[in-house]
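Here is a friendly note to read alongside the structure.

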Amino acid sequence: MQHTIQLTINGKPRSFDADSFNVAKLVAMLDLEGKRLAIECNGEIVPRSQFVQTQLADGDKLEIVGAVGGG
Amino acid sequence: MSDLLKIANKTYHSRLLVGTGKYQDFAQTRAAIDASGAEIITVAIRRTNIGQTAGEPSLLDFLPPEEFTYLPNTAGCYSADDAVRTLRLARELLDGHQLVKLEVLGDPNTLYPNMIETIAAAKVLVKDGFDVMVYCSDDPIIAKQLEDIGCCAVMPLASLIGSGMGILNPWNLQIIIANANIPVLVDAGVGTASDAAIAMELGCQGVLMNTAIAAARDPVLMASAMKKAVEAGREAYLAGRMPKKLYTASPSSPTAGLIA
């Protein structure tokens with residue numbers, strides 16, 4: 001049976017049904033593939049090259065950011 | 001004439017740096033930035049909207065990072081830790097890009113910089129390999145300290161961010177410029193073209209602005225005015241103004257050969 005993984009993404013709780021979950025899968029699931037973004041997991045930056053290798057676990061806190069207009 | 005702006009070992013033709021916020025839409029942002037001639041543009045780092053933005057255009061579609069030098073900022077940060085964290089994310093976002101604008105605010109109403117937190121963040125960022133352009137108060141001692149830490153440019157405020165009040169303390173700016181061995185740029189407070197020209201006439205290496213262009217009735221026309229003002233002010237500075245002769249007139253036409 002599948003586990004439910006609880007994550008906090010950009011301050012909001014979200015749950016995913018998955019046995020094994022990594023950052024690359026999360027990006028795909030959130031429809032963010034191909035977008036220019038940067039991701040932090042529990043305060044540590046996850047380099048783009050490490051998306052597949054970086055496993056996500058219950059309780060992980062993620063920040064997903066992009067560039068917007070600013071002065 | 002080759003009079004280039006040099007920041008962190010890279011040269012630029014334009015001495016006008018512009019923000020990308022507060023425009024009506026991305027098309028207007030792009031049009032204004034084109035009219036300004038700016039090569040360095042600031043951007044903010046914010047949480048991505050999840051679930052509703054698939055297929056929606058982004059700022060980067062209109063302003064490709066290959067075409068401009070991005071200057072990610074730490075706007076909205078009130079602590080050194082938040083600022084450092086934000087710029088590390090920016091570096092990852094922009095493929096290892098090192099040129100950044102550090103600003104750590106101290107008060108939500110005045111947006112005045114907290115220089116104690118700014119200095120703490122600057123030390124960490126410089127050590128971490130960032131090229132730090134730093135928004136600061138117009139205190140000459142602080143500006144010198146930021147240079148000593150290893151910042152690549154100091155950017156004292158002309159007046160409060162977004163206020164358009166113009167250059168309130170040209171005397172302090174002149175002291176900062178006279179003491180600096182790194183570029184001094186005025187950041188924040190410019191309201192109209194003459195403010196930008198005055199900053200350049202004082203000897204600033206450049207001017208950074210956002211609201212003065214974005215909040216003008218016609219932002220694209222104001223962007224063009226700012227481009228000319230920065231160029232005019234720079235040329236006037238290089239040309240060296242005539243000395244002021246208080247209460248002493250001096251005719252420009254010959255005094256000899258008058259009729260009768």
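How do the residues of the lining of the largest cavity divide into nonpolar, polar and charged? Before the answer, two words on the source. This is a predicted model, in which local features need pLDDT of at least 70 and side-chain atom pairs count only at pLDDT 80 or more, while totals for chains, interfaces and linings use all residues. Residues are numbered from 1 along each chain as its sequence is written, chains are lettered from A and ligands numbered from 1 in the order in which they are written, and side-chain values use heavy atoms, with hydrogens and water left out.

1. The lining of the largest cavity divides into five nonpolar residues, one polar and two charged. Here Ala, Val, Leu, Ile, Met, Phe, Trp, Tyr, Cys and Pro count as nonpolar, Asp, Glu, Lys and Arg as charged, and the others, Gly among them, as polar. The residues in question are P140(B), A143(B), K144(B), E147(B), V154(B), I176(B), N179(B) and A180(B).

2. The structure holds one cavity of 30 Å³ or more, and the space in the largest cavity is about 40 Å³. On a 1 Å grid over the protein atoms alone, a cavity is a set of points where a 1.4 Å probe fits but cannot get out, a pocket is an open set with protein on both sides within 12 Å along at least five of seven lines, and lining residues have an atom within 4 Å of a point. Grid points are joined across faces, edges and corners, and a volume is the space filled by probe spheres set on the points.

3. Helices (H or I, at least four residues) and strands (E, at least two) are DSSP runs, numbered from the N terminus.

4. Helix α5 (residues 140-149) of chain B packs against helix α6 (residues 170-179) of chain B at an angle of about 30 degrees, with the axes 9 Å apart. That makes α5(B) roughly parallel to α6(B), a label for angles under 35 degrees, with over 145 being roughly antiparallel, 65 to 115 roughly perpendicular and the rest oblique. Axes are lines fitted to C-alpha atoms, for helices over the stretch in contact, and angles run from 0 to 180 degrees between N-to-C directions.

5. In this pair, P140(B), A143(B), K144(B) and E147(B) of α5(B) meet N172(B), I175(B), I176(B) and N179(B) of α6(B), where contact means heavy atoms within 4.5 Å. By class, the contact has four nonpolar, two polar and two charged residues.

6. α4(B) packs on α5(B) at about 15 degrees, with axes 9 Å apart; these two helices are therefore roughly parallel to each other. M115(B), I119(B), A122(B), K123(B) and V126(B) of α4(B) meet I142(B), Q145(B), L146(B) and I149(B) of α5(B). Seven nonpolar residues, one polar and one charged make up this contact.

7. Helix α3 (residues 80-93) and helix α4 (residues 115-127), both of chain B, pack at about 40 degrees with axes 8 Å apart. Eight nonpolar, no polar and two charged residues form the contact of α3(B) with α4(B).

8. Finally, the largest pocket has a volume of about 530 Å³. Its lining has 20 residues, with K35(A), A67(A), P57(B), S58(B) and L59(B) nearest the centre. The largest share, four residues, comes from β5(A). By class, this lining has seven nonpolar, seven polar and six charged residues.
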